[in-house]
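Subject: A structure for you to explore

Hello,

Here is the structure I promised to pass on to you. Please open it beside this email and follow along as you read.

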Amino acid sequence: MTDTHAYHIDGPVPETPENDPHSNDWRETRVVGTRQPKVDGYERVSGTAIYPQDVSLPEMLHGAILRCPYAHARVLSIDTTEAEEMPGVQIVITGKTPGTDIPWYERGGQFYGHLFDDHCRHEGEEIAAVAAETPLQAVDAIRAIKVEYEILPFVVDDDKALLPDAPAVQEGGNMAGDPQIRERGDIAAGFAEADVVVENTYRTACQIQAPLEPHGSVAKWDGNRLTVWDSTQGVFGVQETMAKVFSLPISNVRVIGHYMGGGFGAKLETGKYTVMAAIMSRMTARPVKLFLPREDCFTVTGNRPGNTMTIKIGAKSDGTLTAIEYLSLGTSGAYRYGAGTGALPTYLYKVANVHAVDTTVYTNAGKARPMRAPGVPQGAWSLEQAMDELARKLDMDPLELRLKNLASGLQTDPVMPYTSNQLRACLENGAEAFGWKAARQRTPDKGHLKRGVGLAAGMWFYSGGPPSTVVVKLFSDGSANINMGASDIGTGTKTWAAMIVAEELGVPLEKIQIEHADTATTQYATASGGSKTVPSDSPAVRAAAMDVKRQLLEFAAEQLETTPADLDFSDLMITSTSDPSKTLGLGELERLERRGLLMGTGYRDPNPDGTFTSPFAAQFCEVEVNTRTGEIRILRFLGAHDSGRVLNRLTFDNQVFGGIAMGIGLGVTEERILDGKQTGKMVNPNFHDYKIPTILDVADDHACLPIDVPDYEFNNTGTKGLGEPATIPTAAAVGNAVANALGGNPPNAPLTPEKILDLVHSLGKGA
Ligand code: MOS
């Protein structure tokens with residue numbers, strides 16, 4: 001912990017919220033910015049960490065849900081008699097059970113249906129639930145429930161949903177809300193100014209979140225108090241929903257989520273399974289555990305919608321963009337959710353004339369949910385590949401084309417200045433580190449193995465803010481507790497929190513314990529999503545540590561008969577700078593001894609007005625395309641990221657490599673396949689047929705280049721988000737590398753061998 005890490009900070013560092021003269025300005029740091037293994041890494045890899053799925057309580061029952069096997073059906077009758085008599089069965093519930101008539105809402109508040117609905121709009125809708133003594137007894141019992149269905153015609157293809165004879169998924173027709181339009185300037189005038197125009201249609205496939213730990217909960221009642229262990233990204237959101245559903249004071253519901261095995265947005269909302277577990281727990285007066293089987297996590301717990309995106313870009317012969325016209329179609333599945341992709345094409349580059357329309361339609365498919373940068377990797381797949389097509393037409397380096405069109409702020413009216421923007425550095429420094437120029441100038445390969453390099457840029461549109469409250473407690477032996485509500489969804493939240501306290505107070509990391517993600521015992525935080533956990537909660541952690549330090553120096557000044565400003569606090573010793581003989585260890589501080597501990601509270605301050613905060617990214621990729629088999633090998637990947645200050649370089653790299661792996665899934669391997677002809681069902685709801693990238697599918701050589709410039713205008717740790725930006729440009733960078741190898745961009749993801757061979761043949765590049 002003695003290495004220091006120097007930051008590029010231009011000009012004065014804005015004052016920290018408490019305006020504390022003793023706050024080190026973090027121009028140089030000893031802990032922050034270094035590589036630290038996760039503080040709970042041992043627990044995670046040794047199996048001693050208790051994930052919600054590991055929770056096992058005395059007298060606990062096991063739940064299972066009967067789901068509709070059809071893409072579209074109406075329930076005519078349900079007979080649970082036989083199931084109720086099965087061995088071990090304690091309770092069977094359906095929509096007819098008193099207390100189950102619960103209205104269901106989207107995260108945004110939109111009415112969605114009921115806990116159980118007779119109208120099943122997609123495969124996997126809930127019909128009944130059972131709790132039994134063992135998991136297999138529960139599964140046997142749901143199989144014994146007899147359901148009579150009226151099977152209805154279905155539509156699962158986005159492009160067929162609006163045809164006049166398409167079955168109505170929702171009563172009002174298949175438009176999922178009005179199209180979302182983003183526009184500025186005059187699109188016709190923009191294209192009239194253009195010397196060159198490119199136009200193409202790109203497609204992405206539906207991608208499934210596929211968390212390693214399935215969705216699920218354990219519910220337990222004590223009188224009128226409910227405790228839930230949930231695999232969730234945010235305990236306070238689940239607490240609020242459960243309180244509403246059961247008409248309880250919020251304080252009567254305790255939600256605990258200490259660990260969770262993968263959450264990419266789908267675990268931001270409360271699951272129906274959580275409510276069902278709680279209903280069955282109350283009816284049986286026993287705890288109920290209800291975790292979904294793997295198949296259900298493919299069909300019902302959300303996905304990144306596939307999109308069809310037509311983009312037309314106009315530019316002057318020097319590369320200046322003049323107009324972008326953009327049309328995107330996607331499906332939210334059977335319920336409301338915006339499947340739009342137009343944000344990136346509208347805002348990434350400086351262009352005066354834009355018209356972007358996002359249309360979302362209903363289909364008889366599992367509902368979409370937020371998934372790691374909702375809509376934006378798809379927008380990058382179309383925009384960033386079209387930019388390369390444009391560069392080819394202009395005979396310009398794709399890097400130069402992007403550098404020529406950088407925006408100075410978010411192009412709303414008026415333009416919102418960014419609190420920080422290092423996209424140029426991402427592109428230039430990334431290209432330098434990757435060896436872009438030399439790689440692009442390489443002579444073309446002659447054989448059937450063709451190499452190519454590509455890049456893509458991206459930005460993300462959310463950066464968090466208040467509320468977040470954190471408490472730090474310092475003990476007289478120099479150890480500390482951090483108490484914060486945020487969930488650590490595997491990204492290293494607890495680790496950077498400890499690093500910040502170590503930085504401010506000099507407490508070694510191994511003497512810091514963290515209480516988090518428990519609504520009964522921790523401070524309030526919003527859900528961990530939107531790449532906002534670091535920029536929302538780290539400022540509160542820092543403010544809490546500074547609050548401890550402020551009190552410590554006040555008390556020491558009193559005892560040493562000097563002023564706080566005269567005191568230096570380092571390595572857990574307090575020393576007077578004017579008289580170094582006046583010195584105190586923590587154990588000698590009388591006020592600390594009287595209290596037992598010092599407690600500091602920190603709050604996340606509001607964001608600045610009139611500005612916009614975005615993380616930025618550029619990724620670079622080298623591929624080898626086999627023109628005989630259509631296989632792609634990804635040889636190298638480099639992610640250059642502006643996410644403000646780096647708190648932990650190790651988990652920063654982890655996020656970038658993980659985001660790249662997930663983006664390779666979108667671009668190359670993953671695809672939800674629905675049987676559009678006969679059944680409307682998903683045909684690959686398992687890890688064998690749904691291809692998550694393996695270690696053989698990702699790059700041999702991964703590199704991460706943080707553009708480590710703190711954004712002090714945004715918050716007191718200078719941080720912005722990273723998790724989502726890390727997957728935004730990835731698929732498009734692969735597409736552009738393939739285009740560099742073959743001479744034309746691949747329009748449709750995922751780039752299976754079949755699609756690559758189609759491209760090879762259409763370009764006349766067969767070997
Ligand atoms: Mo993310 S889609 O906000 O977990």
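Lys-146 is partly exposed, with a relative accessible area of 45%. This comes from a predicted model, so please keep that in mind throughout. The side chain of Lys-146 meets that of Glu-82 in a salt bridge, at 2.4 Å from N to O. Glu-82 belongs to helix 2 (residues 81-84) and Lys-146 to strand 10 (residues 146-151), so this pair ties together parts that are 64 residues apart in sequence. Glu-82 is partly exposed too, at a relative accessible area of 43%.

Then look at Glu-133 and Arg-286, joined by a salt bridge of 2.8 Å, N to O. Here the linked parts are 153 residues apart, with Glu-133 in the loop between strand 9 and helix 3 (135-143) and Arg-286 in the loop between helix 6 (272-284) and strand 17 (288-291). Glu-133 is partly exposed, its relative accessible area being 30%, while Arg-286 counts as buried at 16%.

Some salt bridges also join into a network, which links Arg-442, Arg-451, Glu-622, Glu-624, Arg-633, Arg-636 and Asp-700.

Now for a sheet. Strands of a sheet pair through backbone hydrogen bonds, either parallel or antiparallel. In this structure, three strands make an open sheet in the order 28-29-30, with antiparallel pairing. Why is one side of strand 28 and of strand 30 left without a neighbour in the sheet? Strand 28 (567-570) and strand 30 (583-585) stand at the edges and each has a single partner strand, so there is no neighbour on one side. From one strand to the next, the twist averages 15°.

Strand 29 (residues 573-576) pairs with strand 30 over three antiparallel bridges, and Ile-574 stands opposite Leu-584 in strand 30. Helix 14 (residues 533-560) packs on this sheet and touches strand 28, strand 29 and strand 30. The direction of helix 14 makes about 130° with that of strand 28.

Enjoy exploring, and write back with any questions!

Best wishes

Definitions and conventions: Residues numbered from 1 in each chain as written. Predicted model: local features only at pLDDT ≥ 70, side-chain atom pairs only at ≥ 80, totals over all residues. Heavy atoms only, no water. Pairing = 2+ DSSP bridges. Helix = DSSP H or I, 4+ residues; strand = E, 2+ residues; numbered from the N terminus. Axes fitted to C-alpha atoms, helices over the stretch in contact; angles between N-to-C directions. Contact = heavy atoms within 4.5 Å. Salt bridge = Lys/Arg side-chain N within 4 Å of Asp/Glu carboxyl O. Buried < 20%, exposed > 50% of the residue type's maximum accessible area, 1.4 Å probe, protein only.
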